[in-house]
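Please open the structure in your viewer and keep the selection tool at hand.

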Protein chains: 2
Amino acid sequence: MESLCRDVADAVQEAVEPMAGREAAGEVMGMGADGTPTKRIDEAAEEAALEVFEEHGDIRVVSEEFGSVSYGDPIYTVAMDPLDGTYNASKGIPLYAVSLAVADGDTVEDVFYSYVRELNTGRTYTARQGEGAEFNGNPIEVTNGVGTDEMTVGGVYNIEHFDPGVFDRVRLLGCSSLEMCYVAAGRLHGFVDMRAYLRVLDFAAAKLAIEEAGGKVTTGGGDRIDEKLEADRRSSVVAAAPDSHKAIMEVVR
Amino acid sequence: MESLCRDVADAVQEAVEPMAGREAAGEVMGMGADGTPTKRIDEAAEEAALEVFEEHGDIRVVSEEFGSVSYGDPIYTVAMDPLDGTYNASKGIPLYAVSLAVADGDTVEDVFYSYVRELNTGRTYTARQGEGAEFNGNPIEVTNGVGTDEMTVGGVYNIEHFDPGVFDRVRLLGCSSLEMCYVAAGRLHGFVDMRAYLRVLDFAAAKLAIEEAGGKVTTGGGDRIDEKLEADRRSSVVAAAPDSHKAIMEVVR
(Lines give C-alpha, C1' and ligand atoms only; values in the text may rest on other atoms or scores of the structure.)
Protein backbone atom coordinates (compact mmCIF):
# COMPACT_ATOMS: atom_id res chain seq x y z
CA MET A 1 0.00 0.00 0.00
CA GLU A 2 2.92 2.30 0.71
CA SER A 3 4.11 2.59 -2.90
CA LEU A 4 0.55 3.07 -4.17
CA CYS A 5 -0.05 5.89 -1.68
CA ARG A 6 3.28 7.49 -2.60
CA ASP A 7 2.37 7.37 -6.30
CA VAL A 8 -1.03 8.93 -5.59
CA ALA A 9 0.54 11.69 -3.48
CA ASP A 10 3.13 12.38 -6.20
CA ALA A 11 0.35 12.72 -8.78
CA VAL A 12 -1.71 15.03 -6.56
CA GLN A 13 1.32 17.17 -5.71
CA GLU A 14 2.16 17.55 -9.40
CA ALA A 15 -1.44 18.55 -10.19
CA VAL A 16 -1.89 20.97 -7.30
CA GLU A 17 1.39 22.86 -7.05
CA PRO A 18 1.09 24.80 -10.34
CA MET A 19 -2.43 25.95 -9.34
CA ALA A 20 -1.79 26.86 -5.68
CA GLY A 21 -2.42 30.55 -4.99
CA ARG A 22 -3.74 31.26 -8.49
CA GLU A 23 -7.19 32.73 -9.03
CA ALA A 24 -8.51 29.90 -11.23
CA ALA A 25 -7.79 27.40 -8.42
CA GLY A 26 -10.76 28.69 -6.41
CA GLU A 27 -13.32 28.58 -9.24
CA VAL A 28 -16.35 26.52 -8.21
CA MET A 29 -16.95 23.57 -10.57
CA GLY A 30 -19.99 21.91 -8.95
CA MET A 31 -21.19 20.25 -5.76
CA GLY A 32 -19.37 17.33 -4.10
CA ALA A 33 -20.90 14.12 -2.72
CA ASP A 34 -20.55 15.66 0.75
CA GLY A 35 -22.74 18.64 -0.21
CA THR A 36 -19.97 21.27 -0.31
CA PRO A 37 -18.78 23.10 -3.46
CA THR A 38 -15.97 21.54 -5.47
CA LYS A 39 -13.29 23.94 -6.61
CA ARG A 40 -11.09 23.55 -9.67
CA ILE A 41 -8.07 22.72 -7.53
CA ASP A 42 -10.07 20.00 -5.68
CA GLU A 43 -11.12 18.53 -9.00
CA ALA A 44 -7.55 18.53 -10.30
CA ALA A 45 -6.32 16.79 -7.14
CA GLU A 46 -9.03 14.16 -7.29
CA GLU A 47 -8.61 13.41 -10.99
CA ALA A 48 -4.86 13.00 -10.55
CA ALA A 49 -5.41 10.59 -7.65
CA LEU A 50 -8.06 8.54 -9.42
CA GLU A 51 -5.90 8.01 -12.50
CA VAL A 52 -3.31 6.32 -10.30
CA PHE A 53 -5.89 4.20 -8.48
CA GLU A 54 -7.51 3.14 -11.75
CA GLU A 55 -4.19 2.06 -13.22
CA HIS A 56 -3.40 0.10 -10.04
CA GLY A 57 -6.85 -1.55 -10.09
CA ASP A 58 -8.56 -3.87 -7.56
CA ILE A 59 -9.31 -1.07 -5.14
CA ARG A 60 -12.32 0.86 -3.84
CA VAL A 61 -11.89 4.61 -3.30
CA VAL A 62 -14.16 6.88 -1.23
CA SER A 63 -13.75 10.62 -1.67
CA GLU A 64 -15.67 13.75 -0.76
CA GLU A 65 -16.27 14.85 -4.34
CA PHE A 66 -17.75 11.75 -6.02
CA GLY A 67 -18.61 9.40 -3.15
CA SER A 68 -17.37 5.88 -3.92
CA VAL A 69 -15.85 4.13 -6.94
CA SER A 70 -14.52 0.58 -7.38
CA TYR A 71 -11.80 -0.54 -9.79
CA GLY A 72 -11.53 -4.26 -10.64
CA ASP A 73 -12.13 -6.61 -7.73
CA PRO A 74 -11.42 -4.49 -4.63
CA ILE A 75 -9.69 -6.00 -1.61
CA TYR A 76 -9.21 -2.73 0.28
CA THR A 77 -10.97 0.63 0.58
CA VAL A 78 -9.03 3.90 0.47
CA ALA A 79 -10.74 6.80 2.29
CA MET A 80 -9.26 9.82 0.57
CA ASP A 81 -9.19 13.55 0.93
CA PRO A 82 -7.23 14.42 -2.20
CA LEU A 83 -6.84 18.03 -1.05
CA ASP A 84 -7.40 18.92 2.61
CA GLY A 85 -7.06 22.66 3.13
CA THR A 86 -8.64 23.76 -0.16
CA TYR A 87 -8.95 27.39 0.96
CA ASN A 88 -5.27 27.52 1.90
CA ALA A 89 -4.18 25.89 -1.34
CA SER A 90 -6.35 28.08 -3.54
CA LYS A 91 -5.15 31.26 -1.77
CA GLY A 92 -1.50 30.22 -1.55
CA ILE A 93 -1.32 29.77 2.23
CA PRO A 94 1.26 26.99 2.48
CA LEU A 95 -0.66 24.40 4.54
CA TYR A 96 -2.54 21.74 2.61
CA ALA A 97 -2.30 18.00 2.29
CA VAL A 98 -3.42 14.79 0.64
CA SER A 99 -4.81 12.28 3.12
CA LEU A 100 -5.11 8.54 2.36
CA ALA A 101 -6.47 5.92 4.78
CA VAL A 102 -6.41 2.27 3.67
CA ALA A 103 -8.97 -0.03 5.32
CA ASP A 104 -9.85 -3.75 5.23
CA GLY A 105 -13.42 -3.04 6.30
CA ASP A 106 -15.95 -0.25 6.01
CA THR A 107 -15.45 1.83 9.18
CA VAL A 108 -12.74 4.21 10.37
CA GLU A 109 -11.65 1.51 12.85
CA ASP A 110 -10.70 -0.76 9.94
CA VAL A 111 -7.97 1.59 8.72
CA PHE A 112 -4.64 -0.29 8.87
CA TYR A 113 -2.37 2.01 6.87
CA SER A 114 -2.33 5.78 6.55
CA TYR A 115 -0.41 8.29 4.46
CA VAL A 116 -0.66 12.11 4.79
CA ARG A 117 1.60 14.35 2.74
CA GLU A 118 2.03 18.08 3.45
CA LEU A 119 1.98 19.04 -0.21
CA ASN A 120 3.92 22.29 -0.25
CA THR A 121 6.86 20.79 1.67
CA GLY A 122 6.56 17.15 0.58
CA ARG A 123 6.87 16.04 4.23
CA THR A 124 5.03 12.80 4.97
CA TYR A 125 3.27 11.23 7.96
CA THR A 126 2.65 7.47 7.71
CA ALA A 127 1.30 4.85 10.10
CA ARG A 128 0.74 1.09 10.05
CA GLN A 129 -1.56 -0.61 12.54
CA GLY A 130 0.46 -2.17 15.35
CA GLU A 131 3.76 -0.93 13.94
CA GLY A 132 3.84 2.77 14.90
CA ALA A 133 3.76 6.10 13.11
CA GLU A 134 6.52 7.87 11.18
CA PHE A 135 7.43 11.35 9.94
CA ASN A 136 9.56 11.17 6.81
CA GLY A 137 10.37 7.58 7.77
CA ASN A 138 11.42 8.34 11.36
CA PRO A 139 9.34 7.14 14.35
CA ILE A 140 7.17 9.79 16.05
CA GLU A 141 5.38 9.98 19.37
CA VAL A 142 2.73 12.21 20.91
CA THR A 143 3.89 14.52 23.73
CA ASN A 144 2.83 13.33 27.19
CA GLY A 145 2.78 15.13 30.53
CA VAL A 146 1.63 18.62 29.55
CA GLY A 147 -1.09 20.48 31.51
CA THR A 148 -3.82 22.29 29.58
CA ASP A 149 -2.27 25.67 30.50
CA GLU A 150 0.93 24.65 28.70
CA MET A 151 -0.76 23.16 25.66
CA THR A 152 -0.78 24.40 22.09
CA VAL A 153 -4.01 22.99 20.67
CA GLY A 154 -5.34 22.90 17.12
CA GLY A 155 -8.87 22.79 15.76
CA VAL A 156 -10.62 24.75 18.52
CA TYR A 157 -13.12 26.40 16.17
CA ASN A 158 -15.96 26.66 18.67
CA ILE A 159 -13.94 28.13 21.46
CA GLU A 160 -17.17 28.75 23.41
CA HIS A 161 -16.73 25.22 24.75
CA PHE A 162 -13.65 26.43 26.62
CA ASP A 163 -12.82 29.23 29.04
CA PRO A 164 -10.60 31.88 27.40
CA GLY A 165 -6.97 31.17 28.23
CA VAL A 166 -7.51 27.54 29.25
CA PHE A 167 -4.86 26.58 26.70
CA ASP A 168 -1.48 28.29 26.31
CA ARG A 169 -1.92 28.69 22.56
CA VAL A 170 -4.51 27.85 19.93
CA ARG A 171 -3.79 27.16 16.27
CA LEU A 172 -6.43 27.18 13.54
CA LEU A 173 -4.45 26.19 10.48
CA GLY A 174 -7.36 25.29 8.19
CA CYS A 175 -6.08 21.79 7.44
CA SER A 176 -7.29 19.27 10.02
CA SER A 177 -5.39 16.27 8.63
CA LEU A 178 -2.13 18.16 9.14
CA GLU A 179 -3.15 19.57 12.52
CA MET A 180 -3.87 16.00 13.69
CA CYS A 181 -0.60 14.69 12.22
CA TYR A 182 1.15 17.52 14.12
CA VAL A 183 -0.35 16.02 17.28
CA ALA A 184 1.05 12.60 16.29
CA ALA A 185 4.50 14.16 15.88
CA GLY A 186 4.38 16.25 19.09
CA ARG A 187 4.25 19.57 17.18
CA LEU A 188 0.86 20.29 18.80
CA HIS A 189 -0.33 18.89 22.12
CA GLY A 190 -3.91 18.26 21.10
CA PHE A 191 -6.63 18.68 18.52
CA VAL A 192 -10.19 19.50 19.55
CA ASP A 193 -13.20 20.03 17.29
CA MET A 194 -16.52 19.85 19.13
CA ARG A 195 -18.70 20.70 16.12
CA ALA A 196 -19.51 17.17 14.84
CA TYR A 197 -18.43 18.75 11.60
CA LEU A 198 -15.19 17.03 10.65
CA ARG A 199 -15.52 14.61 7.76
CA VAL A 200 -14.43 11.06 8.53
CA LEU A 201 -12.57 11.08 5.20
CA ASP A 202 -10.53 14.08 6.43
CA PHE A 203 -9.29 12.49 9.63
CA ALA A 204 -9.36 8.71 9.05
CA ALA A 205 -5.65 8.69 8.16
CA ALA A 206 -4.47 11.11 10.86
CA LYS A 207 -6.48 9.20 13.50
CA LEU A 208 -4.38 6.08 12.89
CA ALA A 209 -1.22 8.21 12.95
CA ILE A 210 -2.10 9.60 16.39
CA GLU A 211 -3.07 6.20 17.79
CA GLU A 212 0.09 4.57 16.46
CA ALA A 213 2.09 7.47 17.93
CA GLY A 214 0.67 6.58 21.35
CA GLY A 215 -2.28 9.00 21.40
CA LYS A 216 -6.02 8.71 21.92
CA VAL A 217 -8.76 9.84 19.51
CA THR A 218 -12.45 10.01 20.53
CA THR A 219 -15.60 12.00 19.83
CA GLY A 220 -16.16 15.21 21.79
CA GLY A 221 -18.18 13.10 24.23
CA GLY A 222 -15.22 10.76 24.82
CA ASP A 223 -16.67 7.87 22.79
CA ARG A 224 -15.04 5.58 20.21
CA ILE A 225 -15.29 6.83 16.64
CA ASP A 226 -16.62 3.93 14.56
CA GLU A 227 -18.24 5.86 11.71
CA LYS A 228 -18.47 4.35 8.24
CA LEU A 229 -15.94 5.50 5.66
CA GLU A 230 -18.48 7.45 3.64
CA ALA A 231 -18.41 10.96 2.18
CA ASP A 232 -21.26 12.33 4.31
CA ARG A 233 -20.11 10.98 7.70
CA ARG A 234 -18.90 13.55 10.21
CA SER A 235 -17.81 13.52 13.84
CA SER A 236 -16.53 15.68 16.65
CA VAL A 237 -12.93 14.88 17.59
CA VAL A 238 -10.71 15.12 20.68
CA ALA A 239 -7.18 13.85 20.02
CA ALA A 240 -4.08 13.99 22.23
CA ALA A 241 -1.69 11.94 24.33
CA PRO A 242 -3.77 9.83 26.79
CA ASP A 243 -3.07 12.07 29.81
CA SER A 244 -3.61 15.24 27.76
CA HIS A 245 -6.82 13.77 26.34
CA LYS A 246 -8.09 13.28 29.90
CA ALA A 247 -7.09 16.83 30.85
CA ILE A 248 -8.82 18.27 27.79
CA MET A 249 -12.04 16.31 28.46
CA GLU A 250 -12.09 17.79 31.97
CA VAL A 251 -12.10 21.39 30.69
CA VAL A 252 -14.77 20.96 28.00
CA ARG A 253 -17.90 22.89 28.95
CA MET B 1 17.68 49.09 1.87
CA GLU B 2 16.39 46.25 -0.27
CA SER B 3 19.72 44.48 -0.68
CA LEU B 4 20.55 44.92 3.02
CA CYS B 5 17.20 43.38 4.00
CA ARG B 6 17.72 40.53 1.55
CA ASP B 7 21.16 39.82 2.99
CA VAL B 8 19.76 39.84 6.54
CA ALA B 9 16.93 37.48 5.55
CA ASP B 10 19.39 35.15 3.81
CA ALA B 11 21.53 35.02 6.96
CA VAL B 12 18.52 34.37 9.21
CA GLN B 13 17.17 31.68 6.90
CA GLU B 14 20.54 29.93 6.86
CA ALA B 15 20.74 30.05 10.67
CA VAL B 16 17.15 28.94 11.34
CA GLU B 17 16.46 26.18 8.81
CA PRO B 18 18.87 23.56 10.25
CA MET B 19 17.32 24.09 13.73
CA ALA B 20 13.63 24.17 12.78
CA GLY B 21 11.68 21.33 14.38
CA ARG B 22 14.62 20.08 16.45
CA GLU B 23 14.43 19.79 20.21
CA ALA B 24 17.39 22.11 20.95
CA ALA B 25 15.65 24.94 19.04
CA GLY B 26 13.17 25.44 21.87
CA GLU B 27 15.71 25.57 24.73
CA VAL B 28 15.29 28.77 26.76
CA MET B 29 18.48 30.88 26.81
CA GLY B 30 17.35 33.89 28.90
CA MET B 31 14.84 36.73 28.95
CA GLY B 32 14.43 39.20 26.08
CA ALA B 33 14.11 43.00 26.27
CA ASP B 34 10.36 42.57 25.79
CA GLY B 35 10.09 40.40 28.94
CA THR B 36 9.48 37.07 27.19
CA PRO B 37 11.86 34.08 27.16
CA THR B 38 14.45 33.88 24.39
CA LYS B 39 14.83 30.46 22.82
CA ARG B 40 17.96 29.10 21.16
CA ILE B 41 16.41 29.44 17.70
CA ASP B 42 15.50 33.12 18.43
CA GLU B 43 19.06 33.78 19.52
CA ALA B 44 20.48 32.13 16.41
CA ALA B 45 18.20 34.21 14.17
CA GLU B 46 19.08 37.45 15.93
CA GLU B 47 22.83 36.83 15.94
CA ALA B 48 22.79 36.04 12.24
CA ALA B 49 20.86 39.24 11.50
CA LEU B 50 23.07 41.46 13.66
CA GLU B 51 26.26 40.23 12.00
CA VAL B 52 24.96 41.50 8.68
CA PHE B 53 23.82 44.85 10.13
CA GLU B 54 27.16 45.33 11.89
CA GLU B 55 29.09 44.68 8.70
CA HIS B 56 26.84 47.13 6.83
CA GLY B 57 27.26 49.79 9.54
CA ASP B 58 25.57 53.21 10.01
CA ILE B 59 22.30 51.71 11.14
CA ARG B 60 20.25 51.43 14.33
CA VAL B 61 18.46 48.14 14.99
CA VAL B 62 15.62 47.54 17.45
CA SER B 63 14.74 43.93 18.29
CA GLU B 64 12.70 42.10 20.90
CA GLU B 65 15.64 40.23 22.41
CA PHE B 66 18.20 43.00 23.13
CA GLY B 67 16.26 46.26 22.73
CA SER B 68 18.27 48.72 20.61
CA VAL B 69 21.81 48.81 19.18
CA SER B 70 23.53 51.36 16.91
CA TYR B 71 26.33 50.67 14.45
CA GLY B 72 28.42 53.63 13.22
CA ASP B 73 26.46 56.81 12.54
CA PRO B 74 22.88 55.65 11.99
CA ILE B 75 20.65 57.29 9.39
CA TYR B 76 17.80 54.80 9.60
CA THR B 77 16.25 52.53 12.23
CA VAL B 78 15.34 48.92 11.45
CA ALA B 79 12.56 47.48 13.62
CA MET B 80 13.20 43.77 13.45
CA ASP B 81 11.58 40.54 14.49
CA PRO B 82 14.33 38.15 13.45
CA LEU B 83 12.03 35.16 13.98
CA ASP B 84 8.27 35.69 14.16
CA GLY B 85 6.51 32.40 14.91
CA THR B 86 9.12 30.96 17.28
CA TYR B 87 6.81 28.19 18.50
CA ASN B 88 6.08 27.09 14.93
CA ALA B 89 9.76 27.18 13.97
CA SER B 90 10.93 25.30 17.05
CA LYS B 91 8.24 22.61 16.59
CA GLY B 92 8.62 22.33 12.82
CA ILE B 93 5.25 23.83 11.86
CA PRO B 94 6.13 25.48 8.52
CA LEU B 95 4.96 29.07 9.19
CA TYR B 96 7.59 31.49 10.48
CA ALA B 97 9.18 34.63 9.16
CA VAL B 98 11.79 37.35 9.50
CA SER B 99 10.23 40.82 9.61
CA LEU B 100 12.21 44.01 8.87
CA ALA B 101 10.76 47.56 8.92
CA VAL B 102 13.07 50.43 7.94
CA ALA B 103 12.16 53.86 9.35
CA ASP B 104 13.49 57.42 9.03
CA GLY B 105 12.03 58.35 12.44
CA ASP B 106 11.17 56.66 15.69
CA THR B 107 7.52 55.61 15.31
CA VAL B 108 5.73 52.94 13.30
CA GLU B 109 4.40 55.71 11.03
CA ASP B 110 7.98 56.51 9.95
CA VAL B 111 8.48 53.11 8.32
CA PHE B 112 9.20 53.66 4.60
CA TYR B 113 10.41 50.22 3.52
CA SER B 114 9.42 46.77 4.70
CA TYR B 115 10.60 43.24 4.04
CA VAL B 116 8.97 40.05 5.37
CA ARG B 117 10.25 36.64 4.30
CA GLU B 118 8.33 33.40 4.93
CA LEU B 119 11.43 31.46 5.90
CA ASN B 120 10.47 27.90 5.08
CA THR B 121 9.34 28.77 1.55
CA GLY B 122 11.60 31.77 0.89
CA ARG B 123 8.59 33.77 -0.36
CA THR B 124 8.92 37.51 0.24
CA TYR B 125 6.55 40.43 0.89
CA THR B 126 8.04 43.90 0.36
CA ALA B 127 6.62 47.42 0.40
CA ARG B 128 7.94 50.93 -0.22
CA GLN B 129 6.04 53.99 0.98
CA GLY B 130 4.06 55.53 -1.87
CA GLU B 131 5.17 52.85 -4.33
CA GLY B 132 2.99 49.86 -3.43
CA ALA B 133 3.52 46.37 -2.04
CA GLU B 134 4.87 43.26 -3.74
CA PHE B 135 4.90 39.49 -3.32
CA ASN B 136 8.02 37.94 -4.82
CA GLY B 137 8.40 41.13 -6.85
CA ASN B 138 4.84 41.19 -8.21
CA PRO B 139 2.31 43.89 -7.15
CA ILE B 140 -0.30 42.81 -4.60
CA GLU B 141 -3.60 44.28 -3.45
CA VAL B 142 -5.96 43.70 -0.55
CA THR B 143 -9.34 42.11 -1.42
CA ASN B 144 -12.24 44.58 -1.36
CA GLY B 145 -15.98 44.03 -1.35
CA VAL B 146 -16.33 41.05 0.97
CA GLY B 147 -18.97 40.92 3.75
CA THR B 148 -17.94 39.67 7.19
CA ASP B 149 -19.88 36.42 6.61
CA GLU B 150 -17.67 35.67 3.61
CA MET B 151 -14.38 36.65 5.26
CA THR B 152 -11.48 34.48 6.28
CA VAL B 153 -9.85 36.41 9.12
CA GLY B 154 -6.57 35.88 10.94
CA GLY B 155 -5.46 36.78 14.45
CA VAL B 156 -8.84 36.48 16.19
CA TYR B 157 -7.36 35.18 19.45
CA ASN B 158 -9.96 36.69 21.73
CA ILE B 159 -12.97 35.53 19.84
CA GLU B 160 -15.20 36.67 22.74
CA HIS B 161 -15.20 40.06 21.00
CA PHE B 162 -17.18 38.50 18.16
CA ASP B 163 -20.36 36.46 17.84
CA PRO B 164 -19.62 32.86 16.83
CA GLY B 165 -19.95 32.48 13.08
CA VAL B 166 -19.67 36.19 12.29
CA PHE B 167 -16.78 35.35 9.96
CA ASP B 168 -16.82 32.54 7.39
CA ARG B 169 -13.46 31.21 8.57
CA VAL B 170 -10.86 32.05 11.20
CA ARG B 171 -7.15 31.30 10.93
CA LEU B 172 -4.75 31.37 13.88
CA LEU B 173 -1.42 30.63 12.27
CA GLY B 174 0.85 31.72 15.11
CA CYS B 175 2.84 34.16 12.97
CA SER B 176 1.22 37.59 12.89
CA SER B 177 3.65 39.18 10.42
CA LEU B 178 2.73 36.52 7.87
CA GLU B 179 -0.99 36.66 8.67
CA MET B 180 -0.89 40.42 8.03
CA CYS B 181 1.12 40.00 4.83
CA TYR B 182 -1.51 37.47 3.75
CA VAL B 183 -4.06 40.28 4.13
CA ALA B 184 -1.87 42.52 1.95
CA ALA B 185 -1.81 39.81 -0.73
CA GLY B 186 -5.54 39.00 -0.53
CA ARG B 187 -4.91 35.51 0.94
CA LEU B 188 -6.88 36.55 4.04
CA HIS B 189 -9.58 39.21 4.17
CA GLY B 190 -8.61 40.70 7.49
CA PHE B 191 -6.51 40.48 10.61
CA VAL B 192 -7.96 41.30 14.02
CA ASP B 193 -6.20 41.17 17.38
CA MET B 194 -8.07 43.03 20.13
CA ARG B 195 -5.67 42.12 22.95
CA ALA B 196 -3.31 45.14 22.85
CA TYR B 197 -0.75 42.38 22.88
CA LEU B 198 0.92 42.49 19.48
CA ARG B 199 4.44 43.89 19.55
CA VAL B 200 5.00 46.89 17.32
CA LEU B 201 8.22 45.21 16.16
CA ASP B 202 6.17 42.22 14.95
CA PHE B 203 3.79 44.17 12.76
CA ALA B 204 5.62 47.38 11.75
CA ALA B 205 6.70 45.84 8.42
CA ALA B 206 3.40 44.12 7.61
CA LYS B 207 1.47 47.30 8.44
CA LEU B 208 3.23 49.16 5.62
CA ALA B 209 2.63 46.19 3.30
CA ILE B 210 -1.12 46.30 3.96
CA GLU B 211 -1.31 50.09 3.58
CA GLU B 212 0.68 50.02 0.35
CA ALA B 213 -1.57 47.21 -0.89
CA GLY B 214 -4.56 49.54 -0.42
CA GLY B 215 -5.61 48.44 3.07
CA LYS B 216 -6.23 50.13 6.40
CA VAL B 217 -4.53 49.36 9.73
CA THR B 218 -5.75 50.78 13.06
CA THR B 219 -5.97 49.89 16.73
CA GLY B 220 -8.94 47.83 17.90
CA GLY B 221 -10.62 51.15 18.74
CA GLY B 222 -10.19 52.39 15.15
CA ASP B 223 -7.39 54.83 15.99
CA ARG B 224 -4.09 55.52 14.19
CA ILE B 225 -1.19 53.41 15.42
CA ASP B 226 1.68 55.79 16.13
CA GLU B 227 3.60 53.77 18.74
CA LYS B 228 7.35 54.16 19.08
CA LEU B 229 9.51 51.47 17.51
CA GLU B 230 10.58 49.99 20.83
CA ALA B 231 10.75 46.42 22.11
CA ASP B 232 8.11 46.83 24.81
CA ARG B 233 5.47 48.68 22.75
CA ARG B 234 2.31 46.74 21.97
CA SER B 235 -1.01 47.48 20.30
CA SER B 236 -4.30 45.99 19.28
CA VAL B 237 -4.71 45.74 15.51
CA VAL B 238 -7.55 45.70 12.97
CA ALA B 239 -6.30 45.41 9.38
CA ALA B 240 -8.23 44.89 6.15
CA ALA B 241 -9.34 46.52 2.91
CA PRO B 242 -11.05 49.84 3.80
CA ASP B 243 -14.61 48.55 3.32
CA SER B 244 -13.81 45.30 5.13
CA HIS B 245 -12.16 47.28 7.93
CA LYS B 246 -15.39 49.24 8.36
CA ALA B 247 -17.46 46.03 8.34
CA ILE B 248 -15.18 44.41 10.94
CA MET B 249 -15.33 47.46 13.22
CA GLU B 250 -19.14 47.24 13.14
CA VAL B 251 -19.17 43.65 14.46
CA VAL B 252 -16.65 44.15 17.29
CA ARG B 253 -18.39 43.79 20.66
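The model scores ipTM 0.93 and pTM 0.95.

This is a predicted model, in which local features need pLDDT of at least 70, side-chain atom pairs count only at pLDDT 80 or more, and totals for chains, interfaces and linings use all residues. Residues are numbered from 1 along each chain as its sequence is written, chains are lettered from A and ligands numbered from 1 in the order in which they are written, and side-chain values use heavy atoms, with hydrogens and water left out.

Select Thr152(A) next, in strand 11 (residues 152–154) of chain A; strands are DSSP runs of E, at least two residues, numbered from the N terminus. Thr152(A) counts as buried because its relative accessibility is 0% (buried means under 20% relative accessible area, exposed over 50%, partly exposed in between, with a 1.4 Å probe and protein chains only). Display the side chains of Thr152(A) and Arg169(A): a polar contact of 3.4 Å joins them (a pair of N or O atoms within 3.5 Å, one able to donate a hydrogen and the other to accept it; residues adjacent in sequence count only if both atoms are side-chain atoms).

Now move to Gly72(A), in the loop between strand 4 (67–71) and strand 5 (76–84) of chain A. Gly72(A) counts as exposed because its relative accessibility is 67%.

How values were computed. Helices (H or I, at least four residues) and strands (E, at least two) are DSSP runs, numbered from the N terminus.
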